[in-house]
Amino acid sequence: MSAQDILFVGGSGVISAASVERAVELGHRVAVLNRGRSEERPLPEEVELLQGDIRDTESVQAALGDREFDVVAQFTAYTPAHVQADIDRFAGRTGQYVFISSASAYQKPPLRFPITESTPLRNPFSGYARDKIACEAALTTAYRDQGFPVTIVRPSHTYDHTSMPTLAGWNDVARMRAGRPVVVHGDGTSPWAITHTTDFAVGFVGLFGRRDVLGEAFHIMGDQAPTWDQIYTWLGEAAGVRPELVHVSSDTIVAVRPSLAADLHGDRAHPMVFDTTKIRRIVPEFRTRVPFWIGAEEIIAYHDATPARQVVDAGLDADLDRMIATVRV
């Protein structure tokens, strides 16, 4: 496919940065609209930085002017108002608008496996997921009523070297290395699709410029779905230890720490196994290149080299001990 003019709204995040790099590698002309350069994930030199705040109409107008793009990839829209502003802004100015939704939007609890793109969208536990569902509805209406050229993408758990995927983050690694037990929700056997951002980028950028995917939705995640016990164990092994895992029900965890309710009941507590036939048919080169045991080594190496990331939340640590105590009485 010939080089295209691509605009990323956002471009320095966990998911978006690798997709920017992938688009540059493929020879596209890439511009990124955000509020400034990220030191953690610097943009490639070839990228044109357009500095502006997507929530500020005047700021966006100053950054974009009347420019048109072959593809607009939107990573920072979370509410129907956000996408409506984009519909108004980009209608007639782009050949494809690619919206990042979320696999969290799928039916919870799921009633049938594997999950496909036609699985119902319903998540009564997560406000974030409900907002993404509402965004999708607004964009689908705009496509049907006025031909707005949207493609919807639903990532599952996508990570990079900065991400700590376990429930308690760095607290878990600190506890492992101190020989203390860590909490795993449920019985630890639930499969969970977890995808390295560079793998996601192959599928995501592979959709750019495809007229045959307009009006369509795709989920993009690797074919690896380890159990939560495996995820914690591989992370511990990367940290140089064999972790002691204690299984605690999601209800008990939420009773001790209510702020985890949406994350658990709306997502992690459910098995997530996906059929990725649709994206692989369109982007045949998409596959898992970075299994999580390799990703875990990247995560630990980065955190070990970055003291600012090694923050232990004392309140959370005490709550973890309380959770463990409920199953060790």
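Residues are numbered from 1 along each chain as its sequence is written, and side-chain values use heavy atoms, with hydrogens and water left out. In this predicted model, local features need pLDDT of at least 70 and side-chain atom pairs count only at pLDDT 80 or more, while totals for chains, interfaces and linings use all residues.

**The open sheet**

Seven strands form an open sheet with parallel pairing, in the order 3-2-1-4-5-6-10; strands are DSSP runs of E with at least two residues, helices are runs of H or I with at least four, and both are numbered from the N terminus. Two strands pair if DSSP finds at least two bridges between them. Strand 3 and strand 10 (217-220) stand at the edges with a single partner strand each, so one side of each is left without a neighbour in the sheet. Ignoring direction, neighbouring strands of this sheet are turned by 20° against each other on average. Strand 4 (residues 71-74) and strand 5 (residues 97-100) run parallel and are joined by three bridges, and Gln74 has Phe99 in strand 5 as its bridge partner. Helix 4 packs on the sheet, where it touches strand 5 and strand 6 (150-155), and its direction makes about 165° with that of strand 5; contact here means heavy atoms within 4.5 Å.

Gln51 lies in strand 3 (residues 48-51) and is exposed, with a relative accessible area of 54%; buried means under 20% relative accessible area, exposed over 50%, and partly exposed in between, for a 1.4 Å probe and protein chains only. Leaving aside residues up to four places away in sequence, Gln51 touches Leu33, Asn34, Arg35, Gly36 and Ala63.

The table sets out two helix pairs, with axes fitted as lines to C-alpha atoms, for helices over the stretch in contact, and angles running from 0 to 180 degrees between N-to-C directions.

| Pair | Axes come within | Crossing angle |
|---|---|---|
| Helix 3 (residues 80-90) and helix 4 (residues 127-146) | 8 Å | roughly 30° |
| Helix 7 (residues 228-238) and helix 11 (residues 292-304) | 8 Å | roughly 45° |

The angle makes helix 3 roughly parallel to helix 4, whereas helix 7 and helix 11 are oblique to each other; angles under 35 degrees count as roughly parallel, over 145 as roughly antiparallel, 65 to 115 as roughly perpendicular and the rest as oblique. Pro80, Val83 and Ile87 of helix 3 make the contact with helix 4 through Asp131, Ala134, Cys135, Ala138, Leu139, Ala142 and Gln146. In the other pair, Ile231, Trp234, Leu235 and Ala238 of helix 7 meet Phe292, Trp293, Ala296, Glu297, Ile299 and Ile300 of helix 11.

**Helix 5 and strand 8**

Six of the eight residues of helix 5 (residues 170-177) are buried, so this helix is largely enclosed by the rest of the structure. The buried residues are Trp170, Asn171, Asp172, Val173, Arg175 and Met176, and what covers them includes strand 8, helix 7, helix 11 and helix 12 (314-326). Just after helix 5, Gly179 takes a positive phi of about 75°.

In strand 8 (residues 182-185), Val182 and Val184 point one way and Val183 and His185 the other way, and all are buried. Strand 8 pairs with strand 11 (residues 245-248) in the parallel sense over four bridges, with His247 in strand 11 as the bridge partner of Val184.
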